[in-house]
There are 2 protein chains.
Amino acid sequence: MQKGNENKPITIYDIAKEAGVSPATVSRVITNRANVSNDKREKVLELVRKYNFQPNVLAQGLANAGTKTIGIMTADVRNPFYAAMFVACEQAARERGYTVTLCNSMDVKNQEIQLLGKMRDQRVDAIIQMGGSVDDLASDEEYVEAVNQIAGDVPFVTTGKLDGTGCYMVRIDDRKCIDLLMNHLLDLNHQRIALLGGSMDVVSTYAKYQRYKQILRENMLEFDQRLVSFDKLYNYEAGYSEIERLLEEKIPFSAVIAVNDQSATGIIRCLQDHGYRIPEDISVVSQDNTMFSEILMPKLTSVDYGYEEFGRLLVDTVIALLEGKNVERLQMVTPTLVVRESSGYCTGKSIV
Amino acid sequence: MQKGNENKPITIYDIAKEAGVSPATVSRVITNRANVSNDKREKVLELVRKYNFQPNVLAQGLANAGTKTIGIMTADVRNPFYAAMFVACEQAARERGYTVTLCNSMDVKNQEIQLLGKMRDQRVDAIIQMGGSVDDLASDEEYVEAVNQIAGDVPFVTTGKLDGTGCYMVRIDDRKCIDLLMNHLLDLNHQRIALLGGSMDVVSTYAKYQRYKQILRENMLEFDQRLVSFDKLYNYEAGYSEIERLLEEKIPFSAVIAVNDQSATGIIRCLQDHGYRIPEDISVVSQDNTMFSEILMPKLTSVDYGYEEFGRLLVDTVIALLEGKNVERLQMVTPTLVVRESSGYCTGKSIV
DNA sequence: GTGAAAGCGCTAACAC
DNA sequence: GTGTTAGCGCTTTCAC
């Protein structure tokens with residue numbers, strides 16, 4: 001299968017000697033960066049195939065030719081959203097001849113900065129960051145500085161934003177997410193709709209909140225501050241405690257939009273713990289459409305981002321940048337709605 | 001924060017010049033591989049700190065000093081088990097001054113072989129593989145060859161096994177998993193216990209099956225072939241369809257051991273779809289103790305592996321190997337049982 | 001204990 | 001077009 005790995009790995013010198021050309025010529029054909037006569041090119045290519053030759057990436061990197069690797073930083077791959085995104089990026093990169101390398105910041109800013117440094121030291125060609133400081137509504141100054149300094153000459157693309165850094169953004173259309181969800185719920189006759197989980201310090205959450213209010217207004221529906229979360233996390237517990245708050249304070253509502261699938265899970269559990277049926281009594285819709293959506297009881301109506309295309313777009317953007325092409329600073333990913341079991345028609349005016 | 005990154009990155013030559021020593025000496029102190037007089041060492045160290053100097057890993061790698069990176073191959077990080085393991089390894093590696101790099105084989109053998117090659121080309125110092133061909137009961141010949149050839153001089157450690165490769169194994173004690181689960185269930189008066197999901201072509205699953213039969217025998221309980229899965233997958237669908245089979249064929253049982261949390265999810269959903277209550281009617285216990293266990297309704301009784309220590313052991317093993325230490329070929333991780341809501345006392349002889 | 005110098009494998013001027 | 005040569009930044013003999 002693999003040949004020529006018997007002893008020391010093959011180098012361009014070996015190829016050059018056997019082909020009767022200079023190492024430079026070999027380099028030229030494998031990098032495809034200069035003209036080489038057809039016969040020499042063929043000869044070299046033949047040997048490359050024969051020995052299954054792969055240029056040493058370390059040497060290539062050292063010689064300033066780039067490492068063909070993209071550094072990806074997520075907040076935490078254990079979150080299915082990031083896992084899905086990472087795999088999508090990995091696949092896309094693979095197809096384009098790039099390698100990816102992953103690190104998790106665990107949402108700790110110091111760690112983020114350090115990892116940025118690590119990536120630079122590894123000479124990644126570009127960096128993609130998902131989650132962490134790039135989600136901040138107000139970009140952290142120190143982090144901005146770090147990115148400017150460390151990733152200064154390396155393309156930096158993110159699913160969030162980082163004011164003052166010339167980073168490239170590939171973002172989910174947050175407004176559209178809410179449009180999808182609200183229209184679905186309004187069609188089902190819901191009027192008292194909660195918006196639960198998450199924090200207004202996060203760009204996307206804040207944008208969604210704004211859109212939510214706007215739609216309410218457009219539909220002459222009352223906006224009730226108590227129905228929305230302002231400074232919560234994005235996990236199970238946040239969902240659980242927030243819905244419990246509504247229940248305990250007896251704030252009426254018939255539907256809830258969860259900030260993501262994990263919080264939706266907590267919301268549903270709490271509702272069930274309190275004896276409510278979903279969607280008969282209360283509808284719950286969510287965002288992210290991770291594996292949880294399929295697996296929960298009831299299955300979740302959730303907004304999907306098209307992970308595969310999302311990842312591909314991220315990687316394509318990085319590569320376009322690397323190739324010196326002109327790229328839009330901000331690109332949008334359009335979400336779609338996947339309707340499942342957790343949302344239904346609202347019969348009563350509002351429950352609770 | 002970070003200093004000295006203004007222009008071109010600092011090199012050992014810069015340090016050497018400023019310290020009034022030779023580059024070799026600088027190298028000696030940063031690698032800590034030879035004796036250097038105390039005053040020079042101090043001087044160098046001071047400058048290293050001053051400039052926050054980090055040696056170029058590419059150059060180090062090229063000079064055959066290792067890259068300080070561990071390649072990790074999982075079947076699919078979107079599986080919470082692998083995600084948890086990866087993060088655990090990443091943390092452990094970080095603490096020991098190593099970097100990790102992740103790739104997903106998607107359980108495709110050709111891909112696995114290719115990725116092995118990619119890792120070699122990246123000059124990883126060692127490889128950790130979790131899932132994929134290392135889970136095969138009968139190791140695939142072609143894959144064995146690939147590992148021997150490609151990863152020949154690179155320490156190779158896995159959570160599975162690979163006969164004929166001198167790989168190192170850090171494995172979960174499969175028998176113990178079943179002991180924990182069976183004892184728990186037997187204590188709860190269950191007699192008809194199903195073993196669902198997974199395939200007997202997988203080492204761990206097979207070992208568990210053997211142990212299951214043995215415990216049945218020791219307790220004078222009947223073994224019913226129809227109660228176990230032999231060639232299924234490890235996902236939601238597998239769980240769902242297997243339990244449905246039992247239901248449709250009216251095979252009596254009062255408890256089921258799921259091969260993992262994902263299949264447990266399918267099992268529970270199917271049971272609920274058919275109107276059974278858990279654990280009142282049927283107990284479901286699982287393995288992996290991933291986030292699903294906490295989040296499901298009911299919460300899952302599941303076997304935990306101690307991800308953090310597991311990851312640490314994996315990484316420690318790798319590093320011990322790299323340091324030329326003597327390491328046991330096979331090390332065991334001891335699982336523990338986390339009892340939650342999905343298992344309860346069996347009142348009837350057996351349900352269905 | 002310490003420096004000089006060769007070499008790791010590749011790329012990119014620079015000649016020819 | 002193609003070869004020669006000089007790095008890229010580090011480690012490691014080999015002398016001293």
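Which residues of H2(A) meet which residues of H3(A)? That was my opening entry, and here is how the notebook went.

**Entry 1: ground rules**

I am working with a predicted model, in which local features need pLDDT of at least 70, side-chain atom pairs count only at pLDDT 80 or more, and totals for chains, interfaces and linings use all residues. Residues are numbered from 1 along each chain as its sequence is written, while chains are lettered from A and ligands numbered from 1 in the order in which they are written.

**Entry 2: H2 against H3 in chain A**

I looked up the contact and found A:Thr25, A:Val26, A:Val29 and A:Ile30 on the H2(A) side. Facing them in H3(A) are A:Lys40, A:Arg41, A:Val44, A:Leu45 and A:Val48. Contact here asks for C-beta atoms, placed from the backbone, within 7 Å. Helices (H or I, at least four residues) and strands (E, at least two) are DSSP runs, numbered from the N terminus.

By class I noted 6 nonpolar, 1 polar and 2 charged residues in the contact of H2(A) with H3(A). For these classes, Ala, Val, Leu, Ile, Met, Phe, Trp, Tyr, Cys and Pro are nonpolar, Asp, Glu, Lys and Arg are charged, and the others, Gly among them, are polar.

Next I checked the geometry: H2(A) and H3(A), residues 38-51, pack at about 80 degrees with their axes 10 Å apart. H2(A) is therefore roughly perpendicular to H3(A). The cut-offs are under 35 degrees for roughly parallel, over 145 for roughly antiparallel, 65 to 115 for roughly perpendicular, and oblique for the rest. Axes are lines fitted to C-alpha atoms, for helices over the stretch in contact, and angles run from 0 to 180 degrees between N-to-C directions.

Two or more residues each come from H2 (23-31) and H4 (57-62) of chain A and from H2 (23-31) of chain B. The largest share is that of H2(A), with 5 residues. I counted off the classes as 17 nonpolar, 9 polar and 3 charged.

H2(B) gives the most, with 6 residues. The classes near DNA strand D are 17 nonpolar, 9 polar and 4 charged.

**Entry 3: the sheet of chain A**

I traced an open sheet of 6 strands with parallel pairing, in the order S2-S1-S3-S4-S5-S10. S2 (99-104) and S10 (330-333) are its edge strands, each pairing on one side only. Neighbouring strands are turned by 20 degrees against each other on average, direction ignored. Pairing needs at least two DSSP bridges between the strands.

Then I followed S1(A). It runs parallel to S2(A), joined by 6 bridges, and A:Met73 has A:Cys103 as its bridge partner there. S1(A) (residues 69-74) also pairs with S3(A) (residues 126-130) in the parallel sense over 5 bridges, where A:Ile72 stands opposite A:Ile128.

Are the faces of S1(A) covered or open? Both are covered, with A:Thr69, A:Gly71 and A:Met73 buried on one side and A:Ile70, A:Ile72 and A:Thr74 buried on the other. Buried means 20 or more other C-beta atoms within 10 Å of the residue's own, exposed 12 or fewer, and partly exposed in between, with C-beta atoms placed from the backbone.

**Entry 4: where the chains meet**

I looked up the contact between the chains, which takes 38 residues from chain B and 39 from chain A. On the chain B side, H5(B) gives the most, with 6 residues. That side divides into 18 nonpolar, 12 polar and 8 charged residues.

I found a cis peptide bond from B:Ile278 to B:Pro279, with omega near 10 degrees. B:Pro279 sits in the loop between H11 (261-273) and S8 (283-287). Another cis bond joins B:Met297 and B:Pro298, with omega about 0 degrees.

B:Asp107 is not a glycine, yet has a positive phi of about 65 degrees. B:Asp107 counts as partly exposed because it has 14 C-beta neighbours inside 10 Å.

Notes: Contact = placed C-beta atoms within 7 Å.
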